[in-house]
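User: Please go through this structure with me in short questions and answers. I am new to it.

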Amino acid sequence: MKRLVRTFGMAAAAGIVAACASVGGGGGGTVTNDGAANVGSPDAIWPVKTREHVDLWLHGFAMLQEDTTFVPFFKRGYTTNMIVLKNRANVVTQLDANRDRLRARLALNPALINAQFVPLSFASWTDLSAAADLFVRAEGNPRAASSQQQAGAIAFLAAYFPTGPDRDWLRLFVQSLNDESTRFYHSYWQQQQRERSNVLELVDTLWQRTYRPRIQRFLNNTQQAQGEVLLSLPLDGEGRSQTSGKQANVLTVTFPERPNDAVEAIYVIAHEAVSGVAGVAVSDNITPEQRRSGLAERYQSAAAVRGGALLIQRTSPEILDGYMRYYLRSVNRSVGANVQTTFTSTFALPDTIRDALVRQLDVVLGGI
């Protein structure tokens, strides 16, 4: 499946309802009562954070969709693990009860998967659910809004849910997630934040002290000078990226389980940061027939993985081996006798795309 990268220019989508005030949190960071955790300096260029509403939304998709992409969206076995936990707690929610109806619409309109990016434009679940309610009541018509801000939020959601059945799917999905959060996910998420607080701090340390400074020139030269990194519980090697200009970018990446695995977040950051360059290399070197046959999607996925490897090779070669092993595990391939050979063959690209990717990295990195 084509890697899902959305570019937004609509600040009006966020902030429909005022964000909740902050309260003190543990682990050296800040925890807010609307489900957010921050760590490190508040004025960091690319701070590392977690956001409960983002994880809840992605959790919902993970429980509904068949993840058949080459590089998985969600951690292998995620859905099974969540079902086991809910069964142990004897919990059944509306997300479970409405699963068949929600999955049926996803099958009829696979483009709904693009809506995985929706929560990245909202500050909290309060904001997101309020906007969804407004959108459904307005029947997707921005002219039914009472303010320019509301009209912007309606138009934003209409791009993802353009038809009546799509709006009904959104209504049912949000309703189901509300119940899922109340009965199960909120307590699960809070527990995971406590258990992984040391991982969050370590990722922030690795990122801010070592790896971000090394790739900052690349970020600057690809219009990603500032933004934020979100660690997300459901995600695997395929993150979620939102580009909103030089100052407002979001890279949503995997949240490693253990301190020893903290560098995995850096791998996915590199993969996400280079995805735009990879996309250009593919789109400029593919035929209409290849595009129609679906090869563009496979090449885009492989190019993002190969591009991340190139970026790491140029800036942090000591973790290149780990990067290659991580993405081979992600696609369920054994390393074989030689990790680089297996990696290159697994994420194979036509010479034209590979060479274009190398040239673009050379230009962007300016000789690093």
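User: Where is N90 placed, and is it buried or exposed?
Analyst: This is a predicted model, in which local features need pLDDT of at least 70, side-chain atom pairs count only at pLDDT 80 or more, and totals for chains, interfaces and linings use all residues. Residues are numbered from 1 along each chain as its sequence is written, and side-chain values use heavy atoms, with hydrogens and water left out. N90 sits in the loop between α2 and α3, where helices (H or I, at least four residues) and strands (E, at least two) are DSSP runs numbered from the N terminus. Buried means under 20% relative accessible area, exposed over 50% and partly exposed in between (1.4 Å probe, protein chains only), so N90, at 70% relative accessibility, counts as exposed.

User: What is the phi of N90?
Analyst: Most residues other than glycine have a negative phi. N90 is a residue other than glycine, yet its phi is positive. This residue comes just after α2, and its phi is near 55°.

User: Why are the buried residues of α2 on the same side of the helix?
Analyst: In α2 (residues 78-88), the buried residues are Y78, M82 and K86. They cover an arc of only 65° around the axis, taken from the directions from the helix axis to the C-beta atoms. An α-helix has 3.6 residues a turn, so residues three or four places apart point the same way.

User: Which helices do the buried residues of α2 pack against?
Analyst: The face turned away from the buried side of α2 carries the exposed residues T80, N87 and R88. On contact, meaning heavy atoms within 4.5 Å, the buried residues of α2 pack against α1 (52-64), α3 (94-97) and α7 (164-195).

User: At what angle do α4 and α7 pack?
Analyst: Two packed helices are described by the angle between their axes and the distance between the axes. Axes are lines fitted to C-alpha atoms, for helices over the stretch in contact, and angles run from 0 to 180 degrees between N-to-C directions. For helix α4 (residues 99-108) and α7, the axes are 10 Å apart and the angle is about 145°.

User: Which residues of α4 meet α7?
Analyst: On the α7 side the contact includes P165, W169 and F173. On the α4 side, the residues are R101, L102, R105 and L106.

User: Which backbone oxygen lies 2.8 Å from a polar atom of the S129 side chain?
Analyst: S129 belongs to helix α5 (residues 125-137) and, at 18% relative accessibility, counts as buried. Its C-alpha atom is separated by 6.7 Å from that of V174, 45 residues apart along the chain. The backbone oxygen in question is that of W125.

User: Which side chain does H271 make a polar contact with?
Analyst: H271 is in helix α9 (residues 263-273) and counts as buried, at 0% relative accessibility. A polar contact is a pair of N or O atoms within 3.5 Å; within protein, one must be able to donate a hydrogen and the other to accept it, and residues adjacent in sequence count only if both atoms are side-chain atoms. At 2.8 Å, the partner is the side chain of E272.
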